[in-house]
Amino acid sequence: KVYMKKTLLIVLMAFAGITASMAQDLGFIVKGGIGISNFTGDLNGSPLFSWKMGVTGDFAVSDFLGIQPGLMFTRKGTSDPENIGDATVNAYYLEVPVMAAYRIPLPRTMLLLNAGPYLACGVGGKTKIDMPEGGTYEVDTFGSEGLKRFDFGMGLGIGFDFEHITAGIEADFGFLNVADSPRAKARNMSAHITVGYRF
């Protein structure tokens with residue numbers, strides 16, 4: 001628990017430092033979305049219902065280019081992964097994305113293209129395994145035999161930017177093997193439809 005608290009503090013301080021350095025021309029977007037998540041690699045399974053919510057900064061570098069650092073809480077994982085059987089892996093992460101945002105003017109709106117890295121820390125979740133003889137076996141997703149807590153990857157997005165409303169599609173692709181075993185490989189992958197409100 002102490003380790004988790006220190007990790008969360010580091011993540012929050014990183015987000016605060018990024019936003020403070022840009023505060024002279026910074027707006028905020030409260031955002032949420034729903035979609036699917038899965039693993040690529042040895043633990044690939046069926047898509048799992050996923051969601052994300054949080055706040056994103058919006059720092060204007062120019063009329064068309066911006067930087068959007070964020071702090072998101074998201075559910076990832078998979079259902080019925082290979083080599084495990086009937087199971088649901090629920091993994092909850094705090095993510096700090098830092099996205100470049102390029103705006104293309106369109107009639108009455110802006111086409112928004114996003115790309116950038118993210119850093120994530122697993123903060124909780126349970127893996128539920130259905131036993132052949134009946135019943136369910138439940139373990140901590142980030143326990144000693146579960147997933148590694150830290151993830152790093154690339155986010156991509158496309159959407160429309162109105163005066164106060166943003167809407168689009170976002171995808172995250174993990175670069176790190178989050179399986180806590182040298183014999184297995186698993187990387188996070190997720191996609192969401194998102195809606196946000198700019199303040």
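This dialogue goes through several features of a predicted model.

Reader: What should I know about the numbering and the model before I start?

Author: Residues are numbered from 1 along each chain as its sequence is written, and side-chain values use heavy atoms, with hydrogens and water left out. The model is predicted, so local features need pLDDT of at least 70 and side-chain atom pairs count only at pLDDT 80 or more, while totals for chains, interfaces and linings use all residues.

Reader: How is a strand defined, and where does Thr127 lie?

Author: Helices (H or I, at least four residues) and strands (E, at least two) are DSSP runs, numbered from the N terminus. Thr127 belongs to strand 6, which covers residues 126–130.

Reader: Is Thr127 buried or exposed?

Author: Buried means under 20% relative accessible area, exposed over 50%, and partly exposed in between, with a 1.4 Å probe and protein chains only. Thr127 has a relative accessible area of 10%, so Thr127 is buried.

Reader: Which residues is Thr127 in contact with, leaving aside its neighbours within four places in sequence?

Author: Contact means heavy atoms within 4.5 Å. With those neighbours left aside, the partners of Thr127 are Thr88, Val89, Tyr137, Glu138, Val139 and Thr141. The side chain of Thr141 also makes a polar contact of 3.1 Å with the side chain of Thr127. A polar contact is a pair of N or O atoms within 3.5 Å; within protein, one must be able to donate a hydrogen and the other to accept it, and residues adjacent in sequence count only if both atoms are side-chain atoms.

Reader: What is a salt bridge, and how many are there?

Author: A salt bridge is a side-chain nitrogen of Lys or Arg within 4 Å of a carboxyl oxygen of Asp or Glu. By this rule there are ten salt bridges. One joins Glu170 and Lys31, with the closest N and O atoms 2.8 Å apart. That pair links distant parts of the chain, since Glu170 is in strand 9 and Lys31 in strand 1, 139 residues apart.

Reader: Why do Glu170 and Lys31 count as buried?

Author: Glu170 counts as buried because its relative accessibility is 18%. Lys31 is buried because its relative accessible area is 15%.

Reader: Which residue meets Glu95 in a salt bridge?

Author: The partner of Glu95 is Lys76, at 2.6 Å from N to O. Glu95 lies in strand 4 and Lys76 in strand 3 (residues 65–79), so the pair ties together parts that are 19 residues apart in sequence. Strand 4 itself covers residues 87–106. Glu95 has 2% relative accessibility and therefore counts as buried. Lys76 also forms a salt bridge with Asp172, where the closest N and O atoms are 3.8 Å apart. This second pair links distant parts of the chain, with Asp172 in strand 9 and Lys76 in strand 3, 96 residues apart. Asp172 and Lys76 are both buried.

Reader: Which residues are linked in a network of salt bridges?

Author: The network links Lys31, Lys52, Lys76, Glu95, Glu170 and Asp172.

Reader: What is a nonpolar core, and which residues of the largest one touch the most other members?

Author: In soluble globular proteins, nonpolar side chains tend to be buried together. A nonpolar core is a set of buried Ala, Val, Leu, Ile, Met, Phe, Trp, Tyr and Cys residues joined through side-chain atoms within 4.5 Å. The largest core here has 13 residues, and Phe39, Tyr93, Leu147, Val178 and Ala186 touch the most other members. Strand 4 and strand 5 (109–124) each supply at least two residues of this core. Strand 4 gives the largest share, three residues. Beyond its neighbours within four places in sequence, Phe39 is in contact with residues including Val89, Leu147, Val178 and Ala186.

Reader: Where does Arg108 lie, and is Arg108 buried or exposed?

Author: Arg108 sits in the loop between strand 4 and strand 5. Its relative accessibility is 86%, so Arg108 counts as exposed. Arg108 has a positive phi of about 70° although it is not a glycine.
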